[in-house]
Amino acid sequence: MKYSVLASGSSGNALYVETERSRILVDAGLSGKQLENLLRSIDVDPSTLQAILVTHEHSDHVKGLGVFARRYRLPVYMNEATWENLPSGVGQIPPEQQHVFATLATLELEDLTVESFPISHDAAEPMGFCFHHDGARLGLVTDTGYINRRILEKVAGCDALIFESNHDVNMLRMGRYPWNVKRRILSDVGHLSNEDAGWALTEILRGNGEDIFLAHLSQDNNLTELAHLTVKGVLQEQGLRVGQDVRLWETHPDRPTPLATLEKKHRLL
């Protein structure tokens, strides 16, 4: 399995996942042109995609969905509540391209298996995903206000995780956002802080050399270096050696991570 976080942040989100027989896009939160350019920058021809999966209906996840799906005649998968709450700007997606992928269901796309699970965000019915191929597992958990036991169980044992580390609490509290927005972000249906991300990861990771991509960083209330240092500090407090037992990686709002190959990790001695 190969994957690249094409873009991550409040300005737009998209993930590319590839196997020998399947190529999919997860979320389409940038313009159609931007999505094409991002895919081509990792040497992927957009016309070779086979499907789009959607986590939830917020614009930073569906901005280019309609344009991209119609242009390439791609089947689109999301749960019923997300279909019902898509913003009007997405436009009409032809009925033959509309597919329901229910929460807590499993979707088979050629040789790629996708599990969906509920997360906690102020959307109609937001989902996270776990991708399975040839024994390897990739988890996607962003746009959630907290991590509950079900999420932990779904992504425990993943070989790589794209995991939310949205904000630094002090930066958010002292920042320019109005209080109602701050309260939303800090709530159980908002976004995960750097410190909370670190503590959640201590319950998920097994120290098998997992790759963790810190995702959906706020451009106003976080810094890449701060997210990395905070999460690293929590992990190391719990005895995980960052760089050996686990590796932390950056994501970006405007450029993709290098196309990485994911194989099943073996326990480090």
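Seven strands form an open sheet with mixed pairing, in the order β6-β5-β4-β3-β2-β1-β14. Strands are DSSP runs of E with at least two residues, helices are runs of H or I with at least four, and both are numbered from the N terminus; two strands pair if DSSP finds at least two bridges between them. This is a predicted model, in which local features need pLDDT of at least 70 and side-chain atom pairs count only at pLDDT 80 or more, while totals for chains, interfaces and linings use all residues. Residues are numbered from 1 along each chain as its sequence is written, and side-chain values use heavy atoms, with hydrogens and water left out.

- Strands of a sheet pair through backbone hydrogen bonds, in either a parallel or an antiparallel manner.
- Strands β3 (residues 23–26) and β4 (residues 51–53) run parallel and are joined by three bridges; L25 has I52 in β4 as its bridge partner.
- Strands β2 and β3 run antiparallel and are joined by four bridges, with V26 in β3 as the bridge partner of L15.
- A hairpin of four residues leads from β2 to β3.

**Helices**

- Helix α1 (residues 32–41) lies across β1, β2 and β3 and runs at about 140° to β1. Axes are lines fitted to C-alpha atoms, for helices over the stretch in contact, and angles run from 0 to 180 degrees between N-to-C directions.
- Helix α8 (residues 194–204) packs with α9 at an angle of about 35°, their axes being 8 Å apart.
- Nonpolar here covers Ala, Val, Leu, Ile, Met, Phe, Trp, Tyr, Cys and Pro; charged covers Asp, Glu, Lys and Arg; the others, Gly among them, are polar.

**Cavities**

- There are three cavities of 30 Å³ or more. A cavity is a set of points, on a 1 Å grid over the protein atoms alone, where a 1.4 Å probe fits but cannot get out; lining residues have an atom within 4 Å of a point. Points are joined across faces, edges and corners, and a volume is the space filled by probe spheres set on them.
- The largest cavity has a volume of about 100 Å³. Its lining has 13 residues, of which N13, A14, L15, L140 and T142 are the closest to its centre.
- Both β1 (2–7) and β2 (14–18) give two or more residues to the lining of the largest cavity, which divides into seven nonpolar residues, five polar and one charged.
- The second largest cavity has a volume of about 50 Å³, and its lining includes L214, H228 and W249.
- The largest share of the lining of the second largest cavity, three residues, comes from α9.

Notes:
On a 1 Å grid over the protein atoms alone, a cavity is a set of points where a 1.4 Å probe fits but cannot get out, and a pocket is an open set with protein on both sides within 12 Å along at least five of seven lines; lining residues have an atom within 4 Å of a point. Contact means heavy atoms within 4.5 Å.
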